[in-house]
Amino acid sequence: MSDVFDVLVIVLPVVAALFLGYLSKRKQLLKPSGIDGLKALVMNFTLPATLFGAFYNTEFNLHITLIVLVIFGCSIAGLLLGKLLLKIFSKQHSLLPFITTGFEAGMMGYGFYIMLFSQQQVSNFAIVDIGQVIFVFTIYMALLNARKGISRQETIVAMFKSPVLISIIGGIIIGVTGLGAMIDRSPVGETVASIFNYISAPTGMLMIFVVGYGLELSANGFRRAMGAVVSRIAIMAVLCILALFIIGLIMPLTYHLYWAIILMFTLPAPYVLPIFSDDQKDSAYISTSLSLYTIVSVALFAVIAILK
């Protein structure tokens with residue numbers, strides 16, 4: 001019985017935050033502009049603080065590089081497998097390859113991981129996230145921007161203006177040089193850590209609340225959206241097993257790292273996708289696909305909470 005309550009302690013706060021976000025939209029308690037403000041708060045302040053705090057005192061080695069390369073490779077594989085499925089099932093939408101790759105770690109993954117293992121262990125998830133962040137900010141965004149006629153130069157400029165990417169790069173540089181470890185051992189180490197912890201504390205709840213607000217289940221294009229969801233589930237299952245196998249061959253998988261990898265592969269595609277829809281029909285397909293997969297991710301999160 002105690003095991004059931006242990007799981008509920010993890011799962012119910014997530015469900016509650018999702019429900020409150022969804023309710024806020026249905027009852028018009030918050031306007032879209034208010035949600036945009038919450039997104040800006042997360043993406044410009046609380047998430048960068050989480051990422052920088054996770055990386056600045058992390059010791060980097062070849063094992064971390066391996067994880068980055070494997071996740072980056074899996075992201076490319078997801079894109080290519082999506083293109084293959086698009087050729088086989090020609091009735092699917094042209095954006096299918098973008099639904100079968102990439103991970104919504106920013107607005108969802110970190111929130112889930114923090115709920116599972118606390119803020120102190122988030123560096124494990126952040127390490128897994130590096131590979132897919134590099135993929136999303138380079139290949140993924142370049143291909144999506146090309147569909148909109150946006151140049152590579154504009155894509156690169158936007159990439160290096162991202163607070164998320166800046167916080168990751170800054171944290172890695174300070175971690176690699178050993179400066180972060182020096183700060184951590186110094187008299188101000190505890191103060192610095194408490195600042196990052198305080199700023200990043202609301203990240204998990206805010207992320208999941210915003211996800212709940214964005215849930216949109218439309219009957220329009222529901223059948224094709226289900227095809228995209230099933231395709232992603234199949235591809236992510238194969239790639240997750242492959243990633244665990246390759247990484248496990250070369251390095252020991254710690255408990256927290258093992259679940260960080262599995263959690264990453266349960267997440268939906270990046271929520272930036274609807275921005276690149278060309279018309280209302282496209283928007284309905286993408287929004288319905290992402291919403292359905294978000295529900296799948298929540299269900300898988302509950303399963304992980306039970307298993308872990």
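**Helix packing and nonpolar cores**

In helix 3, residues H63, L66, I67, V70, C74, A77, G78, L81, G82 and L85 meet S231, I235, L239, A243, I246, I247 and I250 of helix 12. The model is predicted. Helix 3 spans residues 62–88 and helix 12 spans residues 222–250. Their axes lie 10 Å apart and form an angle of about 155°. Angles over 145 degrees count as roughly antiparallel, so helix 3 is roughly antiparallel to helix 12. The crossing of helix 3 past helix 12 is right-handed.

The largest nonpolar core comprises 89 residues. Y110, F112, F125, Y140, F265 and L273 have the most contacts inside this core. Helix 6, residues 122–147, is its main contributor, giving 12 residues. Another core lies apart from it and has five residues, including A49, F52, Y56 and F196.

F125 is one of the residues with the most contacts inside the largest core. Beyond its neighbours within four places in sequence, F125 contacts A105, G109, Y110, Y113, A260, L263, M264 and L267.

N124 is also considered here. This residue is found in helix 6. The N124 side chain reaches the backbone oxygen of Q121 at 3.0 Å. With neighbours within four places in sequence left aside, N124 is in contact with Y113, T254, H256, L257 and A260. Y113 and A260 are among the contacts of N124, and Y113 and A260 are likewise among those of F125.

How values were computed: Residues are numbered from 1 along each chain as its sequence is written. This is a predicted model: local features need pLDDT of at least 70, side-chain atom pairs count only at pLDDT 80 or more; totals for chains, interfaces and linings use all residues. Side-chain values use heavy atoms; hydrogens and water are left out. A nonpolar core is a set of buried Ala, Val, Leu, Ile, Met, Phe, Trp, Tyr and Cys residues joined through side-chain atoms within 4.5 Å. Buried means under 20% relative accessible area, exposed over 50%, partly exposed in between (1.4 Å probe, protein chains only). Helices (H or I, at least four residues) and strands (E, at least two) are DSSP runs, numbered from the N terminus. Contact means heavy atoms within 4.5 Å. A polar contact is a pair of N or O atoms within 3.5 Å; within protein, one must be able to donate a hydrogen and the other to accept it, and residues adjacent in sequence count only if both atoms are side-chain atoms. Axes are lines fitted to C-alpha atoms, for helices over the stretch in contact, and angles run from 0 to 180 degrees between N-to-C directions. Angles under 35 degrees count as roughly parallel, over 145 as roughly antiparallel, 65 to 115 as roughly perpendicular and the rest as oblique. A crossing is left-handed if the near helix is turned anticlockwise from the far one by less than a right angle, and right-handed if clockwise.
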